[in-house]
Amino acid sequence: MSHFITPENIERLKQAQEADRVQLDYTQPIQKEVPKDAAVAGGDSQIGTVGCVAVDSEGNLATATSTGGIVNKMVGRIGDTPIIGAGTYANHLCAVSATGRGEAIIRGTIARDVAAVMEFKGLSLKEAAAYAMDRVPRGNAGLIAVSSTGEVAMLFNTTGMFRACATEDGYSEISIWDSPTE
């Protein structure tokens, strides 16, 4: 837990408290009093998804993704999380969970694309994940993935993405911002 208590996150908390607003992750707080006809940049939140990917000792794969939702969403809007292949996907090659702007993730079917590129182009998980993420407009998505052999990929094209990884050989990583290995 202490890995996520950073000066930047403490400052975001102070800003949100001063604005008397509830916000998720990287959304900038909105002023208390906003004129009705004023446009408010960054007022909705696209961050908040929780995803998990796993592989067991026999190479069986699983993924789970739970949406964080969007503030003030259009009535009836369905995001990427419940759409298999868009925000979540697993097969015999890999398991993928995505986060970000649902519309961009749905258009790119990024979770399924990672598996398809591995299968049809013969790319590694990291290469396939990079290929899928390159097709999503910058600032719109991130993903975590694991292959049946235990290769891990955690890529994003946003400011940051809360993520963690642990392997049976003792390796662990907990990060928010860009990593030199990504």
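Strand S5 is mostly covered, since seven of its seven residues are buried, where buried means under 20% relative accessible area, exposed means over 50% and partly exposed lies in between (1.4 Å probe, protein chains only). This is a predicted model, in which local features need pLDDT of at least 70, side-chain atom pairs count only at pLDDT 80 or more, and totals for chains, interfaces and linings use all residues. Residues are numbered from 1 along each chain as its sequence is written, and side-chain values use heavy atoms, with hydrogens and water left out.

**Overall composition**

- The protein has four helices and eight strands; helices (H or I, at least four residues) and strands (E, at least two) are DSSP runs, numbered from the N terminus.
- Along the sequence, these elements follow the pattern α-β-β-β-β-α-α-α-β-β-β-β.
- Of the 182 residues of the protein, 39% count as buried.
- Among the contacts in the protein with a separation of 6 or more, 45% come from residues 24 or more positions apart; contact means heavy atoms within 4.5 Å.

**The sheet**

- Strands of a sheet pair through backbone hydrogen bonds, either parallel or antiparallel.
- Here, four strands form an open sheet in the order S3-S4-S5-S6, with antiparallel pairing; two strands pair if DSSP finds at least two bridges between them.
- Strand S3 (88-90) and strand S6 (152-156) are the edge strands, each pairing on one side only.
- On average, neighbouring strands of this sheet are turned by 10° against each other, direction ignored; axes are lines fitted to C-alpha atoms, for helices over the stretch in contact, and angles run from 0 to 180 degrees between N-to-C directions.

**Strand pairs**

- S3 and S4 are antiparallel and joined by three bridges, and they form a hairpin with three residues between them.
- Tyr89 has Val96 in S4 as its bridge partner.
- S4 and S5 pair in the antiparallel sense over seven bridges, and Ser97 stands opposite Ile144 in S5.
- S5 (residues 141-147) is joined to S6 by five bridges, and these two strands run antiparallel.
- Ala145 has Ala153 in S6 as its bridge partner, while Gly142 stands opposite Phe156 in S6.
- The hairpin of S5 and S6 has four residues between the strands, and Gly150 takes a positive phi near 95° there.

- Helix H3 (residues 110-121) lies across S3, strand S4 (94-100) and S5, and runs at about 145° to S4.
- Helix H4 (residues 125-134) lies across S4, S5 and S6, and runs at about 20° to S6.
- Two packed helices are described by the angle between their axes and the distance between the axes.
- H3 and H4 pack at an angle of about 130°, with their axes 8 Å apart.
- H3 is therefore oblique to H4, since angles under 35 degrees count as roughly parallel, over 145 as roughly antiparallel, 65 to 115 as roughly perpendicular and the rest as oblique.
- The contact is made by Ile110, Asp113, Val114, Val117, Met118 and Lys121 of H3 and by Leu125, Ala128, Ala129, Tyr131, Ala132 and Met133 of H4.
- By class, this contact of H3 with H4 has 10 nonpolar, no polar and two charged residues; Ala, Val, Leu, Ile, Met, Phe, Trp, Tyr, Cys and Pro count as nonpolar, Asp, Glu, Lys and Arg as charged, and the others, Gly among them, as polar.

**Two individual residues**

- Most residues other than glycine have a negative phi, and most peptide bonds are trans.
- Thr109 has a positive phi near 35°, in a residue other than glycine.
- Thr109 lies in the loop between helix H2 (102-108) and H3, and its relative accessibility of 32% makes Thr109 partly exposed.
- Glu119 is in helix H3 and is partly exposed, because its relative accessible area is 38%.
- Leaving aside its neighbours within four places in sequence, Glu119 is in contact with Leu93 and Arg112.
- Glu119 and His92 are 27 residues apart in sequence and 9.8 Å apart in space, C-alpha to C-alpha.
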